[in-house]
Amino acid sequence: MIQNPESCQWAQEPECYEMFGVYAESIVAVGRDCTNLRFPSLADHLKKCSICATTIEETLAFLDEISEEVFINEHMCP
Ligand SMILES: [Zn+2]
């Protein structure tokens, strides 16, 4: 099944889009398993929707970069 961004309601709803950020932050904080328990409907949707799954992965990569920067900064200061 081929999907385009217009075909996914989740990617268009600002509230859902915000939840992606919360979901990704939760993965960083408590891990994927716990996060899927906290957001069952989103977890279920991500299994079926490659558009939203890609968005989550991109958000995770972005959060990873930020946390690395924070880590470096913290350890540069005496
Ligand atoms: Zn979707």
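This briefing describes the fold of one protein chain and the surroundings of two of its residues. The model is predicted. The protein chain holds five helices and zero strands, and its elements follow the order α-α-α-α-α from the N terminus.

**Overall architecture**
- The protein chain has 78 residues, of which 9% count as buried.
- Where contacting residues of the protein chain are at least 6 apart in sequence, 63% of the contacts join residues at least 24 apart.

**Helix H2 and its end**
- Helix H2 spans residues 14-30 and comprises 17 residues.
- From its first C-alpha to its last, helix H2 reaches 24 Å, close to the 24 Å expected at 1.5 Å a residue.

**Val 28 in helix H2**
- Val 28 is located in helix H2.
- Because 15 other C-beta atoms lie within 10 Å of it, Val 28 is classed as partly exposed, a residue being buried only with 20 or more such atoms and exposed with 12 or fewer.
- With neighbours within four places in sequence left aside, Val 28 is in contact with Leu 63 and Ser 67.
- A separation of 7.7 Å lies between the C-alpha atoms of Val 28 and Leu 60, which are 32 residues apart along the chain.

**Ile 51 in helix H5**
- Ile 51 belongs to helix H5, which covers residues 50-76.
- Ile 51 is partly exposed because it has 15 other C-beta atoms within 10 Å.
- Ile 51 and Cys 8 are 43 residues apart along the chain, and their C-alpha atoms are separated by 7.6 Å.

Technical notes:
Residues numbered from 1 in each chain as written. Predicted model: local features only at pLDDT ≥ 70, side-chain atom pairs only at ≥ 80, totals over all residues. Helix = DSSP H or I, 4+ residues; strand = E, 2+ residues; numbered from the N terminus. Expected span 1.5 Å × (residues − 1). Contact = placed C-beta atoms within 7 Å.
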